[in-house]
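Visitor: I am new to this one. Please pick a single part, look at it closely, and then show me what surrounds it.

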Amino acid sequence: MHLVESETVMATTSRTKKKPASSGQAATELRSYYKRMSLVRAFELRANEMYARAKIGGYCHLNLGEEATVVGLTAALDDRDYLFTTYRDHGYAIMRGMEPSAVMAELFGKSTGVVGGWGGSMHMFDMGKRMLGGYGIVGGQIPPATGAALAINYRSKAGPKAEAVMCLLGDGTTNIGAFHESLNLAGLWNLPIVYVIVNNRLGMGTPVEGASAEPDLYKRGSAYRIEGTRVDGDDPIAVRDAARAALKKAREERRPALLELMSYRLKGHSVVDPARYRSKEDTDEAKGNDPVPAFRAKLIADGVLTEKDADAIDDDADKVVTEAVAFADESPDPSVDELFDKVYASPVANASTRLPAEPAVVLS
Amino acid sequence: MTANEPKSRIITYRQALNETLRAELERDENVFLIGEEIGVFQGSYKITAGLLEDFGPKRVLDTPISEEGFVGAAIGSAMLGLRPVVEIMTLNFSLIAIDQIVNHAAKMHAMFGGQVKVPLVIRFPGGGGQQLAATHSQNLEVWYAHIPGLKVLAPSTPAEAKSMLKAAIRDDDPVIFLENLALYNVKGEVPDGEQVAEIGKAAVVKTGTDLTVVSYSRGMVTALQVAEEFEQEGVSIEVVDLRSLRPLDRDTICASVRKTSRAVIFEDDMLSYGIGAEISATIGEGAFDYLDAPVRRVAASEVPLPYSKPLETAAMPHAADLSRVIRETLDATRFKK
């Protein structure tokens, strides 16, 4: 298990409750969660491979080992809610309804990518899906997410149909000023926002205990009177239920919440990180906790899935990802003609459209 | 004056800002003000006086001391379609929020594929001369003027304060709105009614034939005063007010210098890598063949600004410094009236 001092604070459901029915709505839902986890896993493994083949540039951080968290959190969100994420955002983009092919095309830097090749791996964004961005600067998303919740307060009343904001961050991010300033504002102004710490136990190579004087990160909301809950991040149902409860409170009571999801990164910080700083025991433990085979095995044991069903789901995921790669590969690069089109939203006199070798002043 | 002519009043720069904020709050319910001490305290420099009382705490939102937090929150609210006008107490404190301004507000529209707009105004005064010592007296506007995605405005008169603030609030991009402590009490004629400035345009505010002075913000007051003094001597100085530091209106600058053949830049920031460096390079590229003398810059001395009044005064550019450099530039070309 994870580094949890007191198991009583850790919200879990599916591992502790009685077996779910093998048919009916609950089973359909569980199968769909496995399907989603399998898709995120397949997508990320393929992204890893495409990076190695130099189809993907820049930084590339994967959700490998965090599939239960990705699926549980996005299952708790309504379409009307806003999501802000870290740079480890591919899975969230897909689960928020963005096409895997458009997400892969973004990784490839193509014009058909979700932001037309302007953002890459760390900056998936879709206004329509209310996925308001992956953010490459650690914690950069926290103040804007808090401001989105301020805008909800500005425009609408609390209630079960109200909008809410979910803002993800990593364990290392709980040490930056913007985290504390934002929680203070959210607590002070009663904002409808759920801050979710995905504690994968490592900020790049630094363990939580080496970075945070209070390593029980869910307690960090207490300075702002924000309730914190620690949740088993390898359990999609526990994650979903905890997120739903927090979102309900945000919608109906306009109270912010803090969730800490305990997970363990399967691989390095990014695709180029071999994670040599991790011991064999660590890596074995992460593999032992791998939520995808664990959830698969559990659903099979509970009679929700057969081996054959699970294999078919995995094959389908693989097919979707293969098609996404083909789409990304065949898509055109953005045109250099559009280089200056998006610098400003309002056209403005004298905006520079100069290429590097062109003069700053054109004699008229 | 006929009935059709717009009426005008003589008011201070401070009053022009205050009235414009009021008018924009009345015009658009998505406009709201956010910042430290802008409500109950009515603003550190009283720019927001009376607005909390009339518009309430939703529209005039006092914040804790959290520049990074509330500037970022303003950005997030703008992403959802609100039009926040942020007051940061002085330019110096904007550095605490610079990650949100430079890495986020400035980048979002392009980096997110043109899907989101950030209609945000960040107002703050820059400037020294108030014996506030090194950390409270800076002119770092060039830091923001360096960043594509931002628009940077620097009004020099009450009328511009009004028309440019209206333009900034109605613009769909993040706008840095540079004020100056020494300008708040400056009076000027402000026309009534709707004047909305065009962003990205400089203005020739005084025409002349012998030498061009380029300046902005507080520097314009000095530039016009010195130009008037030279006029008494029979020297015709043209004065260009940059107004917009980004985008920069290079054409207006170069057109002026092509006419006058001489240029002096008067700036409150430091000389090295400053606004004047960019103007000088622009003139070198766009008016080289027309120049009769090297382009000179009158800029702050490169020192953390001291508290002591004589030291502070020595380090800052003043009218006498500008007069001297204009004279040296004229002498270098054996200028004859």
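Guide: Start with strand 5 (residues 121-126) and strand 7 (residues 175-180) of chain B: they run parallel and are joined by six bridges. Strands (E, at least two residues) and helices (H or I, at least four) are DSSP runs, numbered from the N terminus. One bridge pair is B:Pro125 with B:Glu179 of strand 7 of chain B. This is a predicted model, in which local features need pLDDT of at least 70 and side-chain atom pairs count only at pLDDT 80 or more, while totals for chains, interfaces and linings use all residues. Residues are numbered from 1 along each chain as its sequence is written, and chains are lettered from A and ligands numbered from 1 in the order in which they are written.

A helix crosses here. Axes are lines fitted to C-alpha atoms, for helices over the stretch in contact, and angles run from 0 to 180 degrees between N-to-C directions. Contact between two residues means that their C-beta atoms, placed from the backbone, lie within 7 Å.

Follow the chain past strand 5. B:Ala133 sits in the loop between strand 5 and helix 7 (141-145) of chain B. Its phi is positive, near 70°, although B:Ala133 is not glycine. Most residues other than glycine have a negative phi, and most peptide bonds are trans. B:Ala133 counts as partly exposed, because 14 C-beta neighbours lie inside 10 Å. The scale is this: buried takes 20 or more other C-beta atoms within 10 Å of a residue's own, exposed takes 12 or fewer, and partly exposed lies in between, with C-beta atoms placed from the backbone.

The loop between strand 12 and helix 10 of chain B holds B:Pro247. A cis peptide bond joins B:Arg246 to B:Pro247, with omega about -5°.

Next, helix 3 (residues 67-79) of chain B. Helix 3 is mostly covered: 13 of its 13 residues are buried. B:Gly81 follows helix 3, with a positive phi near 105°.

Helix 3 also meets the other chain. The contact takes 47 residues from chain B and 42 residues from chain A. On the side of chain B that touches chain A, two or more residues each come from helix 3, helix 5 (98-105), helix 6 (108-111), helix 10 (250-260) and helix 11 (275-286) of chain B. Helix 3 gives the most, with ten residues. That side of chain B divides into 17 nonpolar, 16 polar and 14 charged residues. Ala, Val, Leu, Ile, Met, Phe, Trp, Tyr, Cys and Pro count as nonpolar, Asp, Glu, Lys and Arg as charged, and the others, Gly among them, as polar.

Chain B has another sheet to visit. Five strands form an open, mixed sheet in the order 9-11-10-13-14. Strand 9 (203-206) and strand 14 (296-300) of chain B are the edge strands, each pairing on one side only. The twist averages 25° from one strand to the next. Three bridges join strand 9 to strand 11 (residues 237-241) of chain B in the antiparallel sense. Among the pairs is B:Ala203 with B:Asp241 of strand 11 of chain B. Helix 9 (residues 218-232) of chain B packs on this sheet, touching strand 9, strand 10 (211-215), strand 11 and strand 13 (263-270) of chain B.

One pair remains. Strand 1 (residues 8-12) and strand 8 (residues 187-191) of chain B run antiparallel, joined by five bridges. B:Ile10 has B:Glu189 of strand 8 of chain B as its bridge partner. B:Glu189 lies on the uncovered face of strand 8, with B:Lys187 and B:Pro191, whereas B:Gly188 and B:Val190 make the covered face.

Note on methods
Two strands pair if DSSP finds at least two bridges between them.
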